[in-house]
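Please look at the sequence and the structure shown here. The briefing that follows covers salt bridges and strand pairing.

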Amino acid sequence: VVAQGRNVSVNGAVVPEGHPYLHKGLGVTWPGDWVAVASSLGVRVAWDGHLAVTVTVEPELRGGTWGLCGTYTDDPTGKCHLHGATSTPPESQGRHPTSLTLPVPPDDFMRPDGDITPFAAAFGNAWKVL
């Protein structure tokens, strides 16, 4: 899935704005001013098209994720400042959130090799798919 502003495509096929898409366990919906992508794997990502992103993971995946959201272990140590983040579901919002400080586990920014980097750019580069 590629999203740039309100332009969304799945495997190169354009998903018209406002039109729901469902194919092989992947769904795209348009709740309010947001676009949301949900997979049958239990992960949902919603984006306001600008800065705010929410990631929702089903409880069955607890301890089985890596990356920006850590390993989903509810470890309350550490903090992360996410500018443009929101803790309110996009369906209930009509505005663009500004900033929020969320507690995150110390394994935030875990790379695919299991190492943790303190830098966002190094983290992002480690997860690039070429």
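**Salt bridges and a sheet**

Glu17 has a relative accessible area of 48% and is partly exposed (buried means under 20% relative accessible area, exposed over 50%, partly exposed in between, with a 1.4 Å probe and protein chains only). The model is predicted: local features need pLDDT of at least 70, side-chain atom pairs count only at pLDDT 80 or more, and totals for chains, interfaces and linings use all residues. Residues are numbered from 1 along each chain as its sequence is written, and side-chain values use heavy atoms, leaving out hydrogens and water.

**Salt bridges**

- The count is three salt bridges (a side-chain nitrogen of Lys or Arg within 4 Å of a carboxyl oxygen of Asp or Glu).
- Glu17 forms a salt bridge with Arg6, and their closest N and O atoms are 3.0 Å apart.
- This pair links distant parts of the chain, 11 residues apart: Arg6 is in the loop between S1 and S2, and Glu17 is in the loop between S3 and strand S4 (21-23).
- Arg6 is partly exposed, at 26% relative accessibility.
- Arg111, Asp113 and Asp115 are linked in a network of salt bridges.
- Asp113 is exposed at 52% relative accessibility, while Arg111 is partly exposed at 24%.

**Sheet**

- Three strands form an open sheet in the order S1-S2-S3, with antiparallel pairing (strands are DSSP runs of E, at least two residues, numbered from the N terminus; two strands pair if DSSP finds at least two bridges between them).
- Strands S1 (2-4) and S3 (13-15) stand at the edges with a single partner strand each, so one side of each has no neighbour in the sheet.
- Strand S2 (residues 7-10) pairs with S3 over three bridges.
- Val8 stands opposite Val15 in S3.

Terms used: Helix = DSSP H or I, 4+ residues; strand = E, 2+ residues; numbered from the N terminus.
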